[in-house]
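Let's take a friendly walk through the inside of this protein. Keep the sequence and the 3D view at hand as you read.

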Amino acid sequence: MPPTLIQTLVFLFFTAAACFPATESSGELPTFREAPAFRNGRECPRTSWSTAAADKRAHNPSIIHIAMTLDATYLRGSVAGVFSVLQHASCPENVVFHFISTKHRRSELHRIIAATFPYLTFHLYLFDANLVRGKISYAVRRALDQPLNYARMYLADLLPATVRRIIYFDSDLIVVDDVAKLWSIDLGAHVLGAPEYCHANFTNYFTHRFWSNPNYAASFRGRGACYFNTGVMVIDLWKWRDGKYTEKLESWMRIQKRNRIYELGSQPPFLLVFAGDVERVEHRWNQHGLGGDNLEGLCRDLHPGPVSLLHWSGKGKPWLRIDSKKPCPLDSLWAPYDLFRHSSSLFSDC
């Protein structure tokens, strides 16, 4: 019996749904292929970690802790970032991921990570957006206004006391080296380590109102302050708690809300609090700016020197440019880590 018109329309509807990726506007989260299992070599120490450790000040240096935010908009980038870390890690089973999300679609995000990385040790923590909602003022790019963009300020409050050190990664980067090398840097007396860029002109990150106020401008006096990008940071959470650094960052956010002293979301408060007091990390660990500027998102080249981490900070994200058939040359370096399922296996000829 030939199919009826209704049966034909239903078949075409489901075929189209399988052949075209879900978008944020459709209300569906993307789906991903299952990542392969990455196992430790014989030289790796056998160890484990749990939030339920009896000694809350215990610290196991063999466990690498990485924090990332997780949301629907950047989920594809987060998955690629995790995949890249595991693929290049010398002891991938010793890497623990700490994901931060708001309550919106939290259970779905947990399910997707668990299905994509069934062998991954990870924890998902709830970030209360109300902590920062009243302290945020609009930025030059809408993504910088989102409460989750400020979650990096609250890692010491969100994560268990058993986590002494954390690597924070943005969701628009890939790692192409063994993350243990970054983990092992000596922070010395510093709270935070990151690549610094001392050629940067600080006048670009703060408004005229900031520089014309003697009290504000004096905050950098005598500090030897250099720019650093907060998308890649190594943080000593114990020192952070002891120094009450979350409160210091919040203080500048309140000033910003009243007086508009900067333009770029959560980056300037970190500069105000930490610039000049950062343990320097090799530039290879944050080849940032690959997403172009915050307005146009134009294509950019790599900075000179070796590369261990590529970071698409800025407006242009590689998955969006690839899907729009307008990729930048360097987006081809991100694509091999993209586990996004472009079509249903039931319709392999889409």
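The largest nonpolar core holds 51 residues, and I66, F97, F99, F117 and F169 have the most contacts inside it. Such a core is a set of buried Ala, Val, Leu, Ile, Met, Phe, Trp, Tyr and Cys residues joined through side-chain atoms within 4.5 Å, where buried means under 20% relative accessible area, with a 1.4 Å probe and protein chains only. Helix 2 (residues 75–88) gives the most to this core, with 7 residues. A second, separate core of 50 residues includes I100, Y125, F127 and F228.

This is a predicted model: local features need pLDDT of at least 70, side-chain atom pairs count only at pLDDT 80 or more, and totals for chains, interfaces and linings use all residues. Residues are numbered from 1 along each chain as its sequence is written, and side-chain values use heavy atoms, leaving out hydrogens and water.

Now to strand 4 (residues 165–169), where 5 of 5 residues are buried. R165, I167 and F169 lie on one side, I166 and Y168 on the other. Helices (H or I, at least four residues) and strands (E, at least two) are DSSP runs, numbered from the N terminus; two strands pair if DSSP finds at least two bridges between them.

Leaving aside neighbours within four places in sequence, F169 is in contact (heavy atoms within 4.5 Å) with residues including I66, V85, L182, V232 and L309.
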